[in-house]
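Me: Let us go through the salt bridges here, and then the helix packing. Please keep the answers plain.

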Amino acid sequence: MNAATVFETIRENITGYNVRAEMYNGAAVQGITSMYQNLGEDHIFMLKASKNSAKYLQEAILRKPVLIITDFEEDAFIDFHDEVAICYVDDFARVSIRLVELFYGEHIRNLKYIAVTGTNGKTTTSHFIGRLLSELGYKVATIGTLGVFDGAYEKVDFAHTTPTTPMHFEFAEIIKYFSTREYDYIVYEATSIALDQGRTGFMRNDLAVFINFSPEHLDYHKTMSRYLESKLSLAELSDEVLVNMDASEYRVLAKDRHHFSEHEDTYYRYRTDIDHIDLHVGGVHYEVRPRFLGEHNYINLATGIFALLKLGHDVDAVIGTAAKVTPPVHRFELFSEGQHQFILDFAHTPVAIKESIINAMKYAEKMEKKLIVMVTGIGLRGYGKIRMTMELVPEGLHHLVLAAEQVGYEDEEKIVGMMQKHLPASYDDSNTTTALSRQEGIIRAIGNAGADTIILLTGINEPQHYRGDVIAHDDRQFILQYLSESRKA
């Protein structure tokens with residue numbers, strides 16, 4: 001491909017450029033990326049306007065790209081015009097989508113896509129859809145918060161992908177990888193921010209799944225209406241939609257009766273219990289007994305089942321595979337070490353934490369044990385979210401540990417103070433402990449535990465961001481190391 005083809009593809013969006021005629025006519029282009037770390041000398045660099053763009057530009061120039069395309073105002077980088085060819089455009093998302101189609105269109109068309117959006121449970125629901133399809137014999141890749149996974153659910157390393165929905169060109173590279181390996185489906189998490197930025201606008205989804213809706217990412221969207229608008233835009237990119245009719249915000253998308261609910265008279269209905277799921281498909285009842293616990297996980301599995309049925313897969317075959325799949329790691333994951341029993345759950349939004357605690361309370365009651373819970377205030381998510389989380393903490397816990405995590409540059413003491421301020425009135429110094437880090441919180445939880453208790457650890461069980469550093473962390477590894485050292489002491 002040459003630079004002239006690129007120019008013609010985005011001509012209507014070009015506002016200015018300093019490109020030499022010889023380059024315009026014939027310069028070869030071998031690739032395109034928005035990550036300067038991936039740049040080659042014969043690549044195009046897509047530079048989105050941001051506060052760090054000047055740094056990214058200078059890093060890119062060192063790698064000698066054939067062209068830089070940016071949505072800064074014309075001549076914003078005039079000081080660099082003698083060093084590199086720069087093209088200015090007025091609609092970065094539109095240009096990105098057109099160029100993704102130009103460079104990757106053949107691969108994009110080789111696959112089918114299922115997108116999952118919602119406030120809570122995107123990762124687990126996507127995982128279940130992927131695993132159910134795999135059990136039915138399809139080659140399926142899954143993309144989301146945990147990374148990129150192949151059909152054997154082995155993680156595939158892609159440099160510089162975003163945590164959940166990758167950027168335009170990084171997503172396209174992932175698609176190319178699986179296209180060349182003759183995959184059938186990609187199941188991915190579609191976040192509201194990614195949808196707002198048009199990152200998936202080059203794909204036509206066979207199905208979009210809308211699972212739930214509650215306040216989130218308001219630091220980005222500013223208002224709930226804009227947050228909802230971003231979510232709803234996924235329907236325009238999809239041939240079919242599957243809607244949780246219990247989320248009233250999504251009902252506008254329902255065009256037929258083949259949607260799902262816990263309560264309403266829809267075609268797909270579910271009811272969860274502590275160890276099974278009752279499903280109704282039309283007038284037929286099915287019971288699924290999963291190999292794992294957690295009723296919030298059961299809801300995600302039921303949604304995955306309905307997604308396959310919406311796509312036309314045989315109901316008996318899908319129900320038959322449902323008892324074989326398990327959730328991804330740290331989704332209500334149970335393990336024991338010595339006399340201590342733990343539940344690891346990645347819940348980190350207010351509603352998800354509430355549901356996780358309620359399910360853990362049911363499990364602890366069944367096991368005739370007391371429940372200790374660690375809830376974390378996340379510095380990277382803002383104090384408004386911390387307040388909402390605390391206000392939704394259920395009453396009746398044996399002990400509650402409040403800890404700060406993913407602090408970033410925030411004051412961890414202020415985070416914990418905000419948590420204490422908005423706790424339900426039933427929690428005080430007699431049944432609450434505080435900690436300034438995730439690891440310290442785990443130690444406090446263990447210190448209050450015995451053979452008659454279960455410890456639920458909610459929050460982001462991942463490396464911790466603290467004052468500009470990333471500190472390695474994994475709950476299970478930390479627990480095993482701490483208990484081992486405690487026994488030696």
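Me: What does Glu262 form a salt bridge with, and how far apart are the closest N and O atoms?
Reply: Glu262 pairs with Arg271, and the closest N and O atoms are 3.5 Å apart. A salt bridge here is a side-chain nitrogen of Lys or Arg within 4 Å of a carboxyl oxygen of Asp or Glu. This is a predicted model, in which local features need pLDDT of at least 70 and side-chain atom pairs count only at pLDDT 80 or more, whereas totals for chains, interfaces and linings use all residues. Residues are numbered from 1 along each chain as its sequence is written, and side-chain values use heavy atoms, with hydrogens and water left out.

Me: How many salt bridges does the count come to?
Reply: The count comes to 20 salt bridges. Among them is the pair of Glu295 and Lys362, with the closest N and O atoms 3.1 Å apart.

Me: Which parts does that pair tie together?
Reply: Glu295 lies in helix α10 (residues 295-310) and Lys362 in helix α12 (residues 350-366), so the pair links parts that are 67 residues apart in sequence. Helices are DSSP runs (H or I, at least four residues), numbered from the N terminus. Glu295 counts as buried at 11% relative accessibility, while Lys362 is partly exposed at 34%.

Me: And what about Arg438 and Asp475?
Reply: Their side chains meet in a salt bridge of 2.7 Å, N to O. Arg438 belongs to helix α15 (residues 438-447) and Asp475 to helix α16 (residues 475-488), so this pair ties together parts 37 residues apart in sequence. Both Arg438 and Asp475 are buried.

Me: Which residues are linked in a network?
Reply: Glu12, Arg94 and Arg98 are linked in a network of salt bridges.

Me: Changing topic: at what angle do α13 and α14 cross?
Reply: The axes of helix α13 (residues 383-391) and helix α14 (residues 412-421) cross at roughly 35° and come within 8 Å. Axes are lines fitted to C-alpha atoms, for helices over the stretch in contact, and angles run from 0 to 180 degrees between N-to-C directions.

Me: Which residues make the contact?
Reply: Tyr383, Ile386 and Met390 of α13 meet Lys414, Ile415, Met418 and Met419 of α14. Contact means heavy atoms within 4.5 Å.

Note on methods
Helices (H or I, at least four residues) and strands (E, at least two) are DSSP runs, numbered from the N terminus. Buried means under 20% relative accessible area, exposed over 50%, partly exposed in between (1.4 Å probe, protein chains only).
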